[in-house]
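Subject: Structure handover

Hi,

Here is the structure we talked about. My notes on its side-chain contacts follow below.

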Amino acid sequence: MTDETTKTKAIDAPEVAAWWAERRQYLERIRKVPEIRHKFWREVGVYLLRRLLWSYGFFPVFIAFWLPFVMASFNPVVLATDIIPVLQSFIDSNPEEQATTISTLLIAWFSIGSFFLVFDFVLTPFRSPYQYEADVYMKSWEQLNHDQLPDKM
């Protein structure tokens, strides 16, 4: 390798520092904009609501219906034949047994939902509108200052 190729591949610390300083300053400026702040809180609410509905609404219901359906070999007649005696015994049981069964089902629902909620937060992290705005701004900033920046950042 020649000195020319190492110079073009090396990233100078002052240029990278200037990029990060500009990004930091831009983020400080846009955090004061009320429209973006409102958009941030709205997106936080939508993100949390979507994660909660997905984790506590879809997965427990899906598992509660899918597993018995698989165990019945995808035959709804076998599923109904298996589940009707269980439901009848629940109705015929005393109130303490019914309360225990219902609390057990609620605990199972909550534990399955919590399990999926943790993994949902890990697999789909929140993307801040501030970061998106900063990314767009920094792309335009890079184009304006292209001759002053290294080839790859």
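W20 is partly exposed, with a relative accessible area of 44%. Please keep in mind that this is a predicted model.

Aromatic pairs

W20 pairs with W19. A search of the whole structure gives 19 aromatic pairs. In the W19 and W20 pair, the ring centres are 4.8 Å apart and the planes stand at 85°, so the pair is edge-to-face. W19 counts as buried, at 12% relative accessibility.

F62 and W66 make a stacked pair, because their planes are at 10°, with ring centres 5.6 Å apart. Both residues sit in helix α3 (residues 34–71). They are 4 residues apart there, so about one helical turn separates them. F62 is partly exposed at 37% relative accessible area. W66 is partly exposed too, at 38%.

F62 and W66 also belong to one aromatic cluster.

Salt bridges

How many salt bridges are there? The count comes to 4.

One of them joins R23 and D135, at 2.8 Å from N to O. Is R23 buried or exposed? R23 is buried, with a relative accessible area of 8%. D135 is partly exposed, at 24% relative accessibility; the cut-off for buried is under 20%.

D135 meets R127 as well, in a salt bridge of 2.4 Å, N to O. R127 counts as partly exposed at 47% relative accessibility. Together, R23, R127 and D135 are linked in a network of salt bridges.

E22 and R29 form another salt bridge, at 3.9 Å from N to O. The cut-off is 4 Å. E22 is buried at 15% relative accessible area, whereas R29 is partly exposed at 42%.

Around Y130

Two contacts involve Y130. The charged end of R31 sits over the Y130 ring, 4.8 Å from the ring centre. The backbone nitrogen of Y130 lies 3.1 Å from a polar atom of the S128 side chain. S128 itself lies in the loop between α5 (95–123) and α6 (129–144). S128 counts as buried, at 13% relative accessibility.

Best regards

Methods: Residues are numbered from 1 along each chain as its sequence is written. This is a predicted model: local features need pLDDT of at least 70, side-chain atom pairs count only at pLDDT 80 or more; totals for chains, interfaces and linings use all residues. Side-chain values use heavy atoms; hydrogens and water are left out. Helices (H or I, at least four residues) and strands (E, at least two) are DSSP runs, numbered from the N terminus. Buried means under 20% relative accessible area, exposed over 50%, partly exposed in between (1.4 Å probe, protein chains only). A polar contact is a pair of N or O atoms within 3.5 Å; within protein, one must be able to donate a hydrogen and the other to accept it, and residues adjacent in sequence count only if both atoms are side-chain atoms. Rings of Phe, Tyr and Trp (its six-membered ring) pair if their centres lie within 6.5 Å; planes under 30 degrees apart count as stacked, over 60 as edge-to-face and the rest as tilted. A charge sits over a ring if NZ of Lys or CZ of Arg is within 6 Å of the ring centre and within 35 degrees of the ring normal. A salt bridge is a side-chain nitrogen of Lys or Arg within 4 Å of a carboxyl oxygen of Asp or Glu.
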